[in-house]
Amino acid sequence: MRSNTFKDTLVLCFLVLSLALISACDSEPTYTIEQHLVRAKDFRYQGDLRSAVIELKNALRKGASNGPARFMLGEVYLDVENGAAAEKEIELALENGMSSVETRVMLGQSWLLQGKFQDVLTDFPDDGLVGKNVAFRQLRGDALRGLKKFDEAVVEYKRALEVNP
């Protein structure tokens, strides 16, 4: 009888120890969305873009509609020249309140990376708003150059220089 109690105690101790070890292995730090964003910025600054993407995806797992996280993920995808992924994230950032000139410029850059030159010209028409923005003019010039309309591209680049000499 005594040996059964001893065996039972050993098995119970083994189970408790196993559960403790398993839970210890699973205890990775819990960060807030903001902390993930700060960590992502730090990794990006250090040039560790893979870790930045991981942090941003962790942030988005906690809040899929987080505009700043989508914006930053779009930036990182532009850094690695992944135009399609950048476009997706930038569009989601726009849908989630990150509507700014900078966001629109990033969207245009994602299109350029994908060879969607006509989309750039359509979305950034030669009007009063584009005329006052150097980045918009440069996007138009790059799109025209991509379409091999070199003379028109030179005109856009000159207009950009007129806006900001």
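I started with Glu 89, which comes out buried at a relative accessible area of 4%. This is a predicted model, so I read each value as computed from it. I then looked for a charged partner and found Arg 70, with the closest N and O atoms 2.8 Å apart in a salt bridge. Arg 70 lies in helix H4 and Glu 89 in helix H5, so this pair ties together parts 19 residues apart in sequence. Arg 70 is buried too, at 11%.

Next I checked Arg 44, and its salt bridge goes to Glu 75, at 3.2 Å between the closest N and O atoms. Here the link runs from helix H2 to helix H4, so parts 31 residues apart in sequence are tied together. Glu 75 is buried at 16%, while Arg 44 counts as partly exposed at 29%.

Glu 156 sits in helix H10 and Arg 137 in helix H9. Both residues are buried. Shared partners join Arg 137, Arg 140, Glu 156 and Arg 159 into one salt-bridge network.

Then I turned to the nonpolar side chains. Which residues have the most contacts inside the largest nonpolar core? They are Leu 37, Leu 56 and Val 120, in a core of 34 residues. H4 gives the most to this core, with seven residues. I followed Leu 56 and listed its contacts beyond four places in sequence, among them Leu 37, Met 72 and Val 76.

Technical notes:
Residues are numbered from 1 along each chain as its sequence is written. This is a predicted model: local features need pLDDT of at least 70, side-chain atom pairs count only at pLDDT 80 or more; totals for chains, interfaces and linings use all residues. Side-chain values use heavy atoms; hydrogens and water are left out. A nonpolar core is a set of buried Ala, Val, Leu, Ile, Met, Phe, Trp, Tyr and Cys residues joined through side-chain atoms within 4.5 Å. Buried means under 20% relative accessible area, exposed over 50%, partly exposed in between (1.4 Å probe, protein chains only). Helices (H or I, at least four residues) and strands (E, at least two) are DSSP runs, numbered from the N terminus. Contact means heavy atoms within 4.5 Å. A salt bridge is a side-chain nitrogen of Lys or Arg within 4 Å of a carboxyl oxygen of Asp or Glu.
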